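Keep the picture open while you read.

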Amino acid sequence: MICCNVRDWSGYAGLCAMAETGEEVSGEASGFSDLSDSEFLEYLDLEDTQESSASLSKPGPSSELPGKDGKLISLPKWKRQLDVSSPIERFHLKYLYVTDLCTQDWCEQQMVYEKELPGFLAPEKAAVLDSGASIHLARELEVHDLVTIPINTKEDAWAVKFLNILSMIPILQSEGRIREFPVFGEVEGVLLVGVIDELHYTAKGELELAELKTRRRPMLPLEAQKKKDCFQVNLYKYIFDAMVQGKVTSASLIHHTKLCPDKPLGPSVLRHARQGGFSVKSLGDLMELVFLSLTLSDLPVIDILKIEYIHQETATVLGTEIVAFEESEVKGKVQHYMAYWMGHREPQGVDVEEAWKCRTCNYADICEWRKGGGMPSSILEPQAKKMK
């Protein structure tokens with residue numbers, strides 16, 4: 001059994017999966033300091049995560065990895081043994097996080113290594129993610145409390161996400177402020193999911209998306225990091241707008257997630273639904289309510305995209321960025337990145353002009369992109385010395 005934290009205020013409730021011990025069931029933190037997306041479906045495919053962990057070995061920080069017979073084999077040979085299907089199939093993924101694509105925007109090869117080599121996360125990066133999670137949680141607690149309820153299935157977990165959406169729609173309609181809004185939709189044949197940090201209205205009545213990014217140092221990020229963050233909020237708008245315009249369907253969601261819409265919901269979820277005024281019995285009932293509410297509520301598309309950078313240690317605001325929505329650019333990037341996931345091309349590393357990114361990469365000494373001629377070896381010397 002898994003327990004969920006109910007984010008509760010004046011009829012609004014939102015859930016994130018918690019283990020029975022009270023410890024959070026962590027997801028993949030693909031977005032550097034961003035935690036929202038990895039929180040979205042922490043429990044939903046727990047069985048698939050376990051299956052994936054069993055089928056993929058967990059190599060250490062070496063260019064040689066254990067083979068089936070226990071003998072060490074080279075990383076390229078180990079990878080070729082995995083390359084028997086598309087990455088989506090190989091990693092047992094039913095969906096991608098928005099932050100998966102954003103990490104591709106930073107360095108696609110690094111993102112692939114994060115998937116292929118679980119357990120490789122550096123302690124300092126883990127500390128950064130923990131600190132970022134604390135700030136996100138503090139922001140949430142400013143507007144609602146947390147209550148714990150148990151769930152038993154991935155249908156239950158999706159159900160509470162749908163209950164969150166149903167509870168937040170009236171708040172948006174009344175021009176209120178909401179946080180942690182789940183978004184999902186099919187993009188280039190793949191289900192893409194995420195969580196918007198905050199939605200609120202400006203003094204002019206425009207719907208504004210505010211994305212929180214935490215910084216370890218008290219300074220704004222470099223342009224390359226800002227570029228990645230801008231791509232992320234553009235993706236959020238792209239998916240949210242499709243949801244309120246009726247372009248996201250329950251049939252597509254069921255197809256990708258393999259959910260059973262007729263499966264009865266658990267007693268705790270049903271009780272929570274009744275408290276919110278929803279008379280439902282199954283996930284399918286909730287799905288019908290959600291998609292009707294999204295399309296009939298006259299919710300506007302997002303007008304303004306804003307990124308807020310905060311210093312982790314002091315929680316002070318370092319600066320904000322107003323981001324222009326570039327739909328054609330977003331579509332082009334998504335098509336390119338999804339081509340990798342569908343198995344239509346090999347992963348790519350950074351261009352020579354961005355080789356400086358490799359200095360802080362945990363995978364620099366085993367990177368096939370660099371060894372294949374993508375990066376001059378002299379550029380990687382600081383990181384190589386660090387890892388010896």
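**From the core to the charges**

Start in the middle: the largest nonpolar core has 74 residues, and Leu-101, Phe-162, Phe-181, Phe-184, Leu-199, Phe-240 and Trp-341 touch the most other members. A nonpolar core here is a set of buried Ala, Val, Leu, Ile, Met, Phe, Trp, Tyr and Cys residues joined through side-chain atoms within 4.5 Å. Buried means under 20% relative accessible area, exposed means over 50%, and partly exposed is in between (1.4 Å probe, protein chains only). Helix α7, residues 154-173, gives the most to this core, with twelve residues. There's also a second, separate core of six residues, including Tyr-113 and Ile-366.

A quick word on ground rules: this is a predicted model, where local features need pLDDT of at least 70, side-chain atom pairs count only at pLDDT 80 or more, and totals for chains, interfaces and linings use all residues. Residues are numbered from 1 along each chain as its sequence is written, and side-chain values use heavy atoms, leaving out hydrogens and water.

Now for the charges. There are 16 salt bridges, each a side-chain nitrogen of Lys or Arg within 4 Å of a carboxyl oxygen of Asp or Glu. In one of them, Glu-155 meets Lys-263 at 3.8 Å, N to O. Glu-155 lies in helix α7 and Lys-263 in the loop between α9 and α10, so the pair ties together parts 108 residues apart in sequence. Glu-155 counts as buried at 5% relative accessibility, while Lys-263 is partly exposed at 33%.

Terms used. Helices (H or I, at least four residues) and strands (E, at least two) are DSSP runs, numbered from the N terminus.
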